[in-house]
Amino acid sequence: MTARGPGVRRRPRAWLTAVLRHAALIAVAALLMLPFYWMLVSALKSRGQIFARPLQWWPDPPVWSNLVAVLDYPGFPYWLLLGNTLFYAGMVTLGTVLSCAAAGYSFACLRWRGRDTLFAATVATLLIPAIATFLPTYLIWARLGLTGTYWPLILPAYLGNAFFIFMLRQFFLGIPRELFDAARMDGAGELRIFLQIALPIVRPALIVVAVFTTLYTWHDFFGPLIYLQDPADFPLSVGLFAFRSQRTTEWALSMTAALYTTLPLVLLFALASGYFLRGARIAKF
Amino acid sequence: MPSPTRTKPRSAARRQEARAGWLFAGPWLVSLVLLTALPMLATAAMSLTNLGIVDWPDFTGLTNYDLILTEDPSFWTALHNTAVYTAVSVPLRLMLAFGLALLLHSGLRGVAVYQTLFYLPSLVPPVAATVVFMLLLTPGAGPVNVMLSWVGVPAPDWVRDPAWALWTLVLLSLWPLGVEALVFLAALREVPAEVQDAARLDTRRPWERMLYITLPLISPAILFNLVIGVINSFQVFAQAMVIGGTTGNPSESTLMYLVLIYRMAFRYFSLGYAAALSVILLAILGLVTWAIFRLSRRWVHYEGGQR
């Protein structure tokens, strides 16, 4: 590092750096995968094996029946919870994509008075913590008699989401205005221009929005915990929480339940990993 | 930009465009008013009452704030826990994520594989992740303490020791850092090759290139992750609820601010009091974000000088 004359062979050093980098990355990856591994391994253990000494790095023997047992274990009705979650995430995703596409398009491509002020207000709301608006909203839903249903959780998605409007606007801004003006000259209506010209161009961005909305809704805990009362209505996140609170000693089945709560998202990631990774490129001010 | 020539059919088209603009943004504008602006005002108004769920509320002025600040030790505990959690977790996560991004940003083979692996933890729902970490860190049942004993480090009782439980939450918050790492990686990749080549000619020392060229160029991504990280950290909820419940077990060491609001609003049904807590959180976060943006003028560099 100190003496590096012009004659120093650079190739072996580059090779060594690459090996060291790989070693570091593999170490980090192993560390990050450890919780996954432990979730999987513990999901296949009996109650005794969980606390066995010495620690069982691999269950001996694996209790494969756990994988089935949790499915109709009282307190964790997996298929019901999964169905609720799919319904919840599906409805929220549909609403978010529709409303944010329309609003993002309007903020980016249509000229109307007050647009820029309202867009600035939209960006400002990104900095407002959700709790600052939560309690009165809750009271209104309660007054409407809709607590205990999915309405308060789903309906707002059909009005939009500041972050995704912001994100989609960036994409719509990339479309040259001439395209719209030409279509207008040809007599195309505004709705047709939006549906047939603008939307197809930003299709990848719409999929990014859909994928992340599904992820966030699947993760959501605060909303469903407060608005839903009947355990038969719970999504997986609250179902898992309820299961944990009732059966604090059932570690193995908790792990199986956690595994099953996560698995559909891993499946989604496997199908759409490109869109997940693309999301990182968008997340900037 | 207004066009210089305004022919008649054109202005009709513009009117139609403006109408479409309002219609398309309409639902969101409704939300902006009904679900953001008015509820914020209502929260402020509620905080000045003793609103519960049974009786019609009385106006109580600043009583809630007075009670919170002078007679509620839980408030100070929750604020302290949340502030410590945020102050440690956010910078730590940013630094580790940045280091990871630097490791990834070097044209190595197999970067796609690492990206995928680093991303996976962020897929796990917070409730599930916390349940897994609780077992992972349980003395006698989890591998972490066993591994620590190999290197001779005395293993703490992560979840049940009040001195450690908050750090367990911090540790847990580090698991999904892959997302931030990828945001940084994307920013690093956008640093133009010419800039890096020029920097290489200017200085040989990698750390100087890092400090004077790379960091300023990706500073908007750092600011983004910092602001989002602080706002989210202040509202950490699911993880704290799984570990400590509404009482913040053990001995209020995991009592987070949002958990306290939840407890006051939905366990004790003191909605006015909870609203006052929300206003205080809004004020604190507003101040912190303002300070971050204010200070960011010194270190955040926007290309083209705008925004």
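Trainee: In which helix of chain B is B:Pro250 found?
Mentor: This is a predicted model, where local features need pLDDT of at least 70, side-chain atom pairs count only at pLDDT 80 or more, and totals for chains, interfaces and linings use all residues. Residues are numbered from 1 along each chain as its sequence is written, while chains are lettered from A and ligands numbered from 1 in the order in which they are written. Helices are DSSP runs of H or I with at least four residues, strands are runs of E with at least two, and both are numbered from the N terminus. B:Pro250 is found in helix α12 (residues 248–252) of chain B.

Trainee: Is B:Ser251 buried, exposed or partly exposed?
Mentor: B:Ser251 lies in helix α12 of chain B and has a positive phi of about 35 degrees although it is not a glycine. A residue is buried if 20 or more other C-beta atoms, placed from the backbone, lie within 10 Å of its own, exposed if 12 or fewer do, and partly exposed in between. B:Ser251 has 14 C-beta neighbours inside 10 Å, so it counts as partly exposed.

Trainee: Where is B:Phe269 placed in chain B?
Mentor: B:Phe269 is a residue other than glycine with a positive phi, near 55 degrees. With 13 other C-beta atoms within 10 Å, B:Phe269 is partly exposed. Its place is in the loop between α13 (257–267) and α14 (271–299) of chain B.

Trainee: What is omega for the peptide bond from A:Asp60 to A:Pro61?
Mentor: A:Pro61 is found in the loop between α2 and α3 (66–69) of chain A. The bond from A:Asp60 to A:Pro61 is cis, and omega is near -5 degrees.

Trainee: Which residues of α13(A) are buried?
Mentor: Helix α13 (residues 236–246) of chain A has eleven residues, eight of them buried, so it is largely enclosed by the rest of the structure. The buried ones are A:Leu236, A:Ser237, A:Val238, A:Gly239, A:Leu240, A:Phe241, A:Phe243 and A:Arg244.

Trainee: What separates the C-alpha atoms of A:Cys100 and A:Leu159?
Mentor: A:Cys100 is in helix α4 (residues 78–109) of chain A, and it counts as buried because it has 28 C-beta neighbours inside 10 Å. Two residues are in contact if their C-beta atoms, placed from the backbone, lie within 7 Å. Outside the four places on either side in sequence, the contacts of A:Cys100 include A:Gly160, A:Asn161 and A:Val209. Along the chain A:Leu159 is 59 residues from A:Cys100, yet the C-alpha atoms are separated by 7.9 Å.

Trainee: How are α4(A) and α8(A) set to each other?
Mentor: Axes are lines fitted to C-alpha atoms, for helices over the stretch in contact, with angles from 0 to 180 degrees between N-to-C directions. The axes of α4(A) and helix α8 (residues 162–173) of chain A come within 8 Å and cross at roughly 50 degrees. Angles under 35 degrees count as roughly parallel, over 145 as roughly antiparallel, 65 to 115 as roughly perpendicular and the rest as oblique. The two helices α4(A) and α8(A) are therefore oblique.

Trainee: How do the residues of the contact of α4(A) with α8(A) divide?
Mentor: Among the residues that meet are A:Cys100 and A:Tyr105 in α4(A), and A:Phe164 and A:Arg169 in α8(A). Ala, Val, Leu, Ile, Met, Phe, Trp, Tyr, Cys and Pro count as nonpolar, Asp, Glu, Lys and Arg as charged, and the others, Gly among them, as polar. The contact of α4(A) with α8(A) divides into twelve nonpolar, two polar and one charged.

Trainee: At what angle do the axes of α3(B) and α8(B) cross?
Mentor: In chain B, B:Arg93 and B:Phe98 are among the residues of α3(B) that meet α8(B), whose side includes B:Glu180 and B:Phe184. The axes of helix α3 (residues 73–104) and helix α8 (residues 178–190) of chain B come within 8 Å and cross at roughly 50 degrees.

Trainee: Which helix gives the largest share of the side of chain B that touches chain A?
Mentor: 78 residues of chain B are in contact with 79 residues of chain A. The chain B side has 63 nonpolar, 13 polar and two charged residues. Its largest share, 23 residues, comes from helix α1 (residues 8–46) of chain B.
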